[in-house]
Amino acid sequence: ATGGDLEQNTKELLAQARLTGQKFGVALNEKDVMKDISKVSKATTLSLGMSTKELGKAVSTTKALGMEMSQVEGIANSLLDFESSIEKELEAELLLGKDINLEKARTAALNNDLATLAEEIAKEAGSAADFAAMNRIEQEALAAAVGMGRDELGQMLFTQEQLVGL
């Protein structure tokens, strides 16, 4: 589908998965990465210029951060509903008493840069320990601000912790 040689594309995808895993200090299951690449929407594939490297980078980054591509695409849609997204961001800031800046995430969503979007969401969401220290209302507000549900955010942070431990 990307117009290249299958063997070369596979090597490039696997190399990108290893590089991304090293960048985030996690061990990625290359078979899972390859399986997830096959599930990427056609619109996303076209938006990434049908580039094997960009496809591998986006999927590997989302996996390394404990997310799925479909989840990141949903987050992108949520963040691009500007009025609602900014309202949720301000509500979370008030409840948490800390600054949350999702501008870079919104820009990445607008430009179909899903790898950067995933990184920004992970950065703003904080750690599993931060999440555990919050009460339920704070957890829900933070999750809504980053375009997720409370359980989704908890799962993402839990998965991040597990990946770092590998």
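Residues are numbered from 1 along each chain as its sequence is written, and side-chain values use heavy atoms, with hydrogens and water left out. Because the model is predicted, local features need pLDDT of at least 70 and side-chain atom pairs count only at pLDDT 80 or more, while totals for chains, interfaces and linings use all residues.

## How the helices meet

Let us start with two helix pairs. Helices here are DSSP runs (H or I, at least four residues), numbered from the N terminus. Helix α2 covers residues 30–38 and helix α4 covers residues 52–64; their axes come within 10 Å and cross at roughly 120 degrees. That angle makes α2 oblique to α4. Axes are lines fitted to C-alpha atoms, for helices over the stretch in contact, with angles running from 0 to 180 degrees between N-to-C directions. Angles under 35 degrees count as roughly parallel, over 145 as roughly antiparallel, 65 to 115 as roughly perpendicular and the rest as oblique.

The handedness of the α2 and α4 crossing is right-handed. A crossing is called right-handed if the near helix is turned clockwise from the far one by less than a right angle, and left-handed if anticlockwise.

The second pair is α7 and α8, whose axes come within 8 Å and cross at roughly 160 degrees. These two helices are therefore roughly antiparallel to each other, and their crossing is left-handed.

Helix α4 also holds T62. Is T62 buried or exposed? T62 counts as buried, at 0% relative accessibility. For this term, buried means under 20% relative accessible area, exposed over 50%, and partly exposed in between (1.4 Å probe, protein chains only). T62 and L114 are 52 residues apart along the chain, and their C-alpha atoms are separated by 8.0 Å.

## Salt bridges

Side chains of opposite charge can pair when their charged atoms come close. A salt bridge is counted here when a side-chain nitrogen of Lys or Arg is within 4 Å of a carboxyl oxygen of Asp or Glu. By this rule the model has 11 salt bridges.

| Pair | N to O distance | Helix | Spacing |
|---|---|---|---|
| K11 and E7 | 3.5 Å | α1 (residues 6–24) | 4 residues |
| E103 and R106 | 2.8 Å | α7 (residues 103–110) | 3 residues |
| R136 and E140 | 3.3 Å | α10 (residues 136–145) | 4 residues |

In helix α1, the spacing of K11 and E7 is about one turn of the helix. K11 is partly exposed, with a relative accessible area of 49%, and E7 counts as exposed at 52%.

Elsewhere, salt bridges that share partners join D36, K63 and E68 into one network.

## A nonpolar patch on the surface

Which residues form a nonpolar patch on the surface? They are F82, I86 and L90, with about 270 Å² of accessible area together. Accessible areas come from the Shrake-Rupley method with a 1.4 Å probe, and for residues only the protein chains shown count as cover. Patches are made of residues with over 30% relative accessible area and no salt bridge; nonpolar side chains (Val, Leu, Ile, Met, Phe, Trp, Tyr) are joined within 5 Å, and like charges within 9 Å.

F82 lies in helix α6, which covers residues 82–96, and I86 is in helix α6 too. F82 is partly exposed, with a relative accessible area of 42%; I86 is partly exposed as well, at 36%. I86 and N101 are 15 residues apart in sequence, with a C-alpha to C-alpha distance of 9.7 Å.

## Two loop residues with positive phi

M50 is not a glycine, yet its phi is positive, at about 50 degrees. M50 lies in the loop between α3 (42–47) and α4, and it counts as partly exposed at 31% relative accessibility.

N112 is another residue other than glycine with a positive phi, near 60 degrees. N112 is placed in the loop between α7 and α8 (114–125). At 35% relative accessibility, N112 counts as partly exposed.
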